[in-house]
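Subject: Handing over the structure

Dear colleague,

I am passing this structure on to you, and my notes on it follow below. Please have the sequence and the model open while you read.

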Amino acid sequence: MKKLPEITLVFWIMKIAATTLGETGGDLLAQTLRVGYAVSSLVLVAVFLASLAAQLGVRRFHPVLYWSVILSTSTAGTTMSDFMNRTAGLGYFLGALVLTTALGAVFAVWKLSGRPFDVTRVTGFRGEALYWTAILFSNTLGTSLGDFLSDDTRLGFGGGALLIAGAIALVLALRRFTAVSATLLFWVAFVLTRPLGATTGDFFSKPVAKGGLGYGTIGASLILAAVLLALVAYQTRRTRPYAPAAP
């Protein structure tokens with residue numbers, strides 16, 4: 001049963017749009033609406049679990065449902081990372097180190113399960129559960145990396161985004177011209193697109209005085225939501241229903 005999208009250029013564009021919206025959406029709830037990082041994380045993790053339950057329950061790929069789960073991991077990842085780094089006081093570097101360790105542990109469990117890492121071969125409840133757990137931690141890790149580049153270095157939002165874009169271009173070159181594992185490069189790119197979204201989201205929402213464009217979390221979220229909805233509509237039109245597996 002085909003429940004995950006093909007890994008194409010459109011996939012990566014939608015991933016960046018979703019993670020960028022996740023950054024501004026998480027900041028909108030936690031900061032602009034003053035809900036706080038802890039409560040926001042609880043709310044958004046609940047949204048993630050609800051959307052994940054729906055995704056696990058379907059028998060074929062549904063673009064709206066799939067990208068709803070991706071978006072929920074991005075928004076939850078934003079507030080969870082900010083809670084760890086700011087409220088709990090870990091800081092961006094230590095927070096990123098903790099999350100890197102956690103993601104490594106997920107991959108270790110995945111390896112021990114005997115299920116393939118190849119995202120084009122993810123099947124079954126356990127396989128999908130591992131896949132989505134890795135995505136949740138990778139998006140949370142990406143937020144810490146993006147904040148580290150924007151705040152703890154002198155790169156700023158725009159410079160951080162350019163650095164991550166360069167790293168993604170290197171991954172693309174490795175995929176095209178070397179024999180490095182495509183699965184390894186997929187997960188590296190998946191992690192890197194999150195800080196790209198985080199720095200780009202901050203660039204859209206932060207005040208001009210802080211190096212941003214000054215749209216605010218509400219304006220930036222509305223713009224990004226419109227972009228993502230248009231892309232989901234495009235993918236939905238192009239997606240043909242997959243025949244259910246034979247009993």
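I begin with a pair of charged side chains: R194 forms a salt bridge with E23, their closest N and O atoms lying 3.5 Å apart, where a salt bridge is a side-chain nitrogen of Lys or Arg within 4 Å of a carboxyl oxygen of Asp or Glu. This pair links distant parts of the chain, since R194 sits in helix α7 (residues 182-205) and E23 in helix α1, 171 residues apart. R194 and E23 are both buried, a word that here stands for under 20% relative accessible area, with exposed meaning over 50% and partly exposed the range in between (1.4 Å probe, protein chains only).

Before going further, please note that this is a predicted model, in which local features need pLDDT of at least 70 and side-chain atom pairs count only at pLDDT 80 or more, while totals for chains, interfaces and linings use all residues. Residues are numbered from 1 along each chain as its sequence is written, and side-chain values use heavy atoms, with hydrogens and water left out.

As for the overall fold, the protein has 8 helices and 0 strands, these being DSSP runs numbered from the N terminus (helices: H or I, at least four residues; strands: E, at least two). The radius of gyration is 17 Å, close to the 18 Å that the globule rule gives for 247 residues, so the protein is as compact as a globular protein of that length; the radius is taken over C-alpha atoms, and the rule is 2.2 Å times the number of residues to the power 0.38. Along its principal axes the C-alpha trace spans about 60 × 35 × 35 Å, and 43% of the 247 residues count as buried. Among contacts between residues at least 6 apart in sequence, 76% join residues at least 24 apart, a contact meaning heavy atoms within 4.5 Å.

To return to the charged pairs, a search of the whole structure finds 3 salt bridges. Besides the one between R194 and E23, the side chains of K3 and E128 meet at 2.6 Å, N to O. K3 lies in the segment before α1 (9-32) and E128 in helix α5 (residues 124-151), so this pair ties together parts that are 125 residues apart in sequence; both K3 and E128 are buried. The remaining salt bridge joins D82 to R86, with the closest N and O atoms 3.8 Å apart, and both of these residues lie in helix α3 (residues 63-87), 4 residues apart, about one turn of the helix. Within that pair, D82 is buried at a relative accessible area of 1%, whereas R86 is partly exposed at 33%.

Leaving aside neighbours within four places in sequence, K15 is in contact with W67, I70, N139, F190, T193 and R194.

Finally, V171 lies in helix α6 (residues 156-177) and counts as buried at 9% relative accessibility. Not counting residues up to four places away in sequence, V171 touches L185, V188, A189 and L192. V171 and A182 are 11 residues apart in sequence and 9.8 Å apart in space, C-alpha to C-alpha.

With kind regards
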